[in-house]
Amino acid sequence: MSERPFAAWRRTLSRQGHVVLTVAGLLAWSRLGAGAASVLLLPAWALAGQLIFAGSVEAARLRRRAWLGQYLLASSPWHRRLRGGLLMVLRHQLLGLLLALLLLVQLRLLPTLTWTVLVLAALTLAWLQALLRRRLARHVVTAHVPALTRRLLVWPVGGLVALLLVLLALWLPQPYLIGLAWEEALVRHVSTAAGSTLLGVFERLAQAVELTRYWAMQNAVTRTGVAEGLALVGWLVLLLIQSAFAWAFVRLLVGAEALRDRLTRWPESGREGPA
């Protein structure tokens with residue numbers, strides 16, 4: 001009897017092993033030195049982009065199949081033409097690469113405490129997936145349960161992560177920029193330690209955007225020479241960056257599971273093909 005809980009724990013760990021590997025890989029990337037990270041930027045960018053692409057294109061094709069099945073006859077030639085081809089793939093590839101770049105750059109600039117939110121988000125996503133799959137199994141076609149589960153959880157989990165990141169950004173200490181000119185704030189606080197590599201350029205750009213947000217939110221309410229509407233710009237930048245980062249992180253986790261499921265089914269579909 002004592003082996004049952006251990007066996008259940010082992011099955012859960014093996015099923016969610018891709019989540020552990022993904023989070024561990026992101027953590028390792030965030031802790032790499034500047035030289036090693038610059039060398040590995042392009043491979044890491046390509047890998048993260050493909051993981052995000054795997055999840056986003058799966059959701060797009062699921063929506064498209066549902067729309068075609070509702071409105072078009074299977075015998076119609078438009079059913080095949082509108083399933084989504086090269087244009088859909090290119091659009092989601094571009095989106096995946098943009099989100100992956102934002103994710104990789106921001107991960108190297110995050111405060112250590114932020115990783116608590118990311119790890120909790122990964123655990124919450126895995127738990128909700130297992131719970132929702134059991135509920136949907138009684139109502140949804142078995143082949144579509146995993147993809148539908150992933151699609152339903154992206155928005156709520158991504159929104160929760162974005163909200164937590166915004167609250168954490170407001171709670172953590174910020175550089176004191178009141179009374180400084182914008183150019184002076186950038187010169188003082190944007191680090192040049194990353195050098196002139198491609199990754200260094202992206203990191204300095206991200207730091208400049210972050211400093212601009214701090215500067216706008218702090219100075220708009222304390223200096224008469226700065227328009228109060230600039231505070232709104234600071235809030236918008238905060239919401240956009242944290243939301244995009246949360247979206248990219250959740251999409252990466254979902255894409256990793258989508259790719260794992262596809263690779264798991266591939267041998268079976270390959271054996272069924274010749275038959």
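The legends below describe close-up views of a predicted model. Local features were taken at pLDDT of at least 70 and side-chain atom pairs at pLDDT 80 or more, whereas totals for chains, interfaces and linings use all residues. Residues are numbered from 1 along each chain as its sequence is written, and side-chain values use heavy atoms, with hydrogens and water left out.

View 1. Helices (H or I, at least four residues) and strands (E, at least two) are DSSP runs numbered from the N terminus. Of the 275 residues, 40% count as buried, where buried means under 20% relative accessible area, exposed over 50% and partly exposed in between (1.4 Å probe, protein chains only). The accessible surface, from the Shrake-Rupley method with a 1.4 Å probe, comes to about 16,200 Å², of which 68% belongs to carbon and sulfur atoms.

**View 2. The largest nonpolar core, with 43 residues.** Such a core is a set of buried Ala, Val, Leu, Ile, Met, Phe, Trp, Tyr and Cys residues joined through side-chain atoms within 4.5 Å. W29, L103 and L107 have the most contacts inside this core. Among the elements that give two or more residues to the core are α2 (17-31), α3 (34-71) and α5 (86-107), while the largest share, nine residues, comes from α10. Not counting residues up to four places away in sequence, L107 touches L26, W29, S30, W115, L118 and F245, a contact being heavy atoms within 4.5 Å.

**View 3. Helix α6 (residues 114-136).** The expected span of a helix is 1.5 Å times one less than its number of residues, so the 23 residues of α6 should span 33 Å, and the 32 Å between its end C-alpha atoms agrees. Buried residues of α6 include T114, W115, V117, L118, Q129 and R133.

**View 4. L40 in helix α3.** L40 is partly exposed, with a relative accessible area of 40%. Leaving aside neighbours within four places in sequence, L40 is in contact with W29 and L32. L40 and L199 are 159 residues apart in sequence, yet their C-alpha atoms are 9.6 Å apart in space.

**View 5. A nonpolar surface patch formed by L160, L163, L164 and L167.** Together these residues have about 360 Å² of accessible area. L160 belongs to helix α7 (residues 145-171) and is partly exposed, with a relative accessible area of 44%. Patch residues have over 30% relative accessible area and no salt bridge, with nonpolar side chains (Val, Leu, Ile, Met, Phe, Trp, Tyr) joined within 5 Å; a salt bridge is a side-chain nitrogen of Lys or Arg within 4 Å of a carboxyl oxygen of Asp or Glu.

Notes: Patch = residues over 30% accessible without salt bridge, like charges linked within 9 Å, V, L, I, M, F, W, Y side chains within 5 Å.
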